[in-house]
There are 2 protein chains.
Amino acid sequence: MSKATPSIQSGTTPSPQETRSGYSANCPNRTDDIVMYDVPEPIQVTGIEAYKETWKLFFDHNAAGSDRFRLSDVQIVASDDVAYAHGLLTIGGGDAHCRLTLGLRRTDGEWKVTHEHHSIPIKLD
Amino acid sequence: MSKATPSIQSGTTPSPQETRSGYSANCPNRTDDIVMYDVPEPIQVTGIEAYKETWKLFFDHNAAGSDRFRLSDVQIVASDDVAYAHGLLTIGGGDAHCRLTLGLRRTDGEWKVTHEHHSIPIKLD
């Protein structure tokens with residue numbers, strides 16, 4: 001495992017300095033050909049422009065803030081240039097209710113997310 | 001990227017020779033400490049024994065068969081010893097309705113899944 005383990009924190013949580021519009025406009029550390037499986041439909045979102053649109057939708061319905069997302073149970077598996085990470089996510093308080101998986105590649109020394117999978121499990125009666 | 005790219009097909013689809021009970025009893029190519037995010041609750045399933053139980057539940061409600069799972073839009077990113085893969089999944093026919101992400105490590109030449117994330121997107125009205 002490499003010492004240059006990617007930080008998933010930096011890529012998934014807007015810093016206090018980032019406005020909601022700033023974050024959705026920039027979406028740092030993502031590749032142009034990112035494939036995301038988001039909580040709501042559609043079944044997949046492909047490409048950075050479509051990905052940015054999902055953040056605009058999110059911030060239309062959720063407040064921004066540095067403590068908006070809380071990660072727990074995080075595991076990172078990394079080689080020199082490929083890594084994946086997963087953890088549980090709490091959005092806006094309460095118990096962890098969302099799951100997050102990231103896939104990352106390092107090109108020219110820079111880690112970028114090529115794949116993101118968010119989901120909420122279906123409740124069983 | 002390594003030539004020894006893992007085959008996600010071999011690990012996710014029971015062969016015709018595998019019975020439903022045989023598959024859930026063995027669950028090949030998974031690590032003992034696998035972390036799975038499944039379609040239904042709970043929010044996470046940890047460890048191979050709990051993982052096997054989810055397959056028993058699945059086969060209680062679904063027929064087995066070599067064409068039970070159809071994968072599409074598959075992408076694999078692999079280094080020599082770490083890889084991730086994702087794709088869309090059709091279970092039992094119709095359009096793709098499920099998303100699958102796998103995280104794999106290679107130890108002593110053998111690729112094993114350490115993480116699995118399955119989900120169905122929430123429908124928007």
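## Close-ups of a two-chain predicted model

**View 1. Strand S4 (residues 82-91) of chain B pairs with strand S5 (residues 98-107) of chain B in the antiparallel sense, over eight bridges.** Strands here are DSSP runs of E with at least two residues, helices are runs of H or I with at least four, and both are numbered from the N terminus. Two strands count as paired if DSSP finds at least two bridges between them. Look for B:Tyr84, which sits opposite B:Gly103 in S5(B). This is a predicted model, where local features need pLDDT of at least 70, side-chain atom pairs count only at pLDDT 80 or more, and totals for chains, interfaces and linings use all residues. Residues are numbered from 1 along each chain as its sequence is written, while chains are lettered from A and ligands numbered from 1 in the order in which they are written.

**View 2. Zoom out, and six strands of chain B make an open, mixed sheet in the order S2-S1-S6-S5-S4-S3.** Strand S2 (45-46) and strand S3 (69-78) of chain B are at the edges with a single partner strand each, so one side of each has no neighbour in the sheet.

**View 3. Here chain A meets chain B, with 36 residues from each chain in the contact.** Contact means that C-beta atoms, placed from the backbone, lie within 7 Å. On the chain A side, S4(A) gives the most, with five residues.

**View 4. Chain A superposes on chain B by a rotation of 180° with 0.0 Å of shift along its axis (RMSD 0.0 Å).** The two copies are therefore related as by a two-fold rotation axis.

Definitions and conventions:
Contact = placed C-beta atoms within 7 Å. Least-squares fit on C-alpha atoms with pLDDT ≥ 70 in both.
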